[in-house]
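Trainee: I would like to go through the labels used for this model and see what each one rests on.

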Amino acid sequence: MLSSSGSTLVDEKAAEMMKKELFPLAEVLTPNIPEAEVLTGKKIQSREEMEQAAEQLSREYGTAIVLKGGHAKTDANDLLYENGKSIWIEGERMVNPNTHGTGCTLSSAIAANWAKGYSLSESVQQAKLYVANCIQAGLQMGHGNGAICHNYAE
């Protein structure tokens, strides 16, 4: 719904359609903090507020929530809220302007791991590690904020 830079990616009509028709069909939703603020109508600035938002969204759409914390000021901790339980996936904030596509990559990596038969919790943890390694690899191409390094070498 919103890019990391704050740009709106869908219009209001499309967002309403997603909330009514698409979200209730999902097994898991992966909003970032600004998207969760739009969906809940509440400001999110703390771990407690992230937990409250994830619980609200889970109740509202009947799905698990991975609330991505990359927009937090001090860390990059994500929250998995599933079946009434919160699981924090800790992450350190890395200095790298090339983080374009991290949210999409995380969601895709979660889906790929889940399709391999891992639990949702394991899938989220492995996806978080993968994205961290992609960021840490420090791909530098062209000018401005670029993409993460999807093919990093360990």
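Mentor: Start with the rule for cysteines: a disulfide is a pair of cysteine sulfur atoms within 2.5 Å. The model is predicted, and by this rule it has zero disulfides.

Trainee: How do you know that Cys134 is in no disulfide?

Mentor: The nearest cysteine sulfur to that of Cys134 belongs to Cys149 and is 6.7 Å away. The cut-off is 2.5 Å, so the sulfur of Cys149 is too far from Cys134 for a bond.

Trainee: What makes Cys134 and Cys149 count as buried?

Mentor: Buried means under 20% relative accessible area. Cys134 has 1% relative accessibility, so Cys134 counts as buried. Cys149, at 11%, therefore counts as buried.

Trainee: Why is the packing of α2 with α3 called oblique?

Mentor: Helix α2 (residues 33-40) and helix α3 (residues 47-61) pack at an angle of about 55°, and their axes are 10 Å apart. The crossing of α2 past α3 is left-handed.

Trainee: Which residues meet there?

Mentor: From α2, Ile33, Ala36, Leu39 and Thr40 meet Met50, Ala53, Gln56, Leu57 and Tyr61 of α3. The residues of this contact are seven nonpolar, two polar and no charged.

Trainee: Why is Gln56 called buried?

Mentor: Its relative accessible area is 16%, and the limit is under 20%, so Gln56 is buried. Gln56 lies in helix α3 and touches Thr40 and Lys42, leaving aside residues up to four places away in sequence.

Conventions: Residues are numbered from 1 along each chain as its sequence is written. This is a predicted model: local features need pLDDT of at least 70, side-chain atom pairs count only at pLDDT 80 or more; totals for chains, interfaces and linings use all residues. Side-chain values use heavy atoms; hydrogens and water are left out. Axes are lines fitted to C-alpha atoms, for helices over the stretch in contact, and angles run from 0 to 180 degrees between N-to-C directions. Helices (H or I, at least four residues) and strands (E, at least two) are DSSP runs, numbered from the N terminus. A crossing is left-handed if the near helix is turned anticlockwise from the far one by less than a right angle, and right-handed if clockwise. Contact means heavy atoms within 4.5 Å. Ala, Val, Leu, Ile, Met, Phe, Trp, Tyr, Cys and Pro count as nonpolar, Asp, Glu, Lys and Arg as charged, and the others, Gly among them, as polar. Buried means under 20% relative accessible area, exposed over 50%, partly exposed in between (1.4 Å probe, protein chains only).
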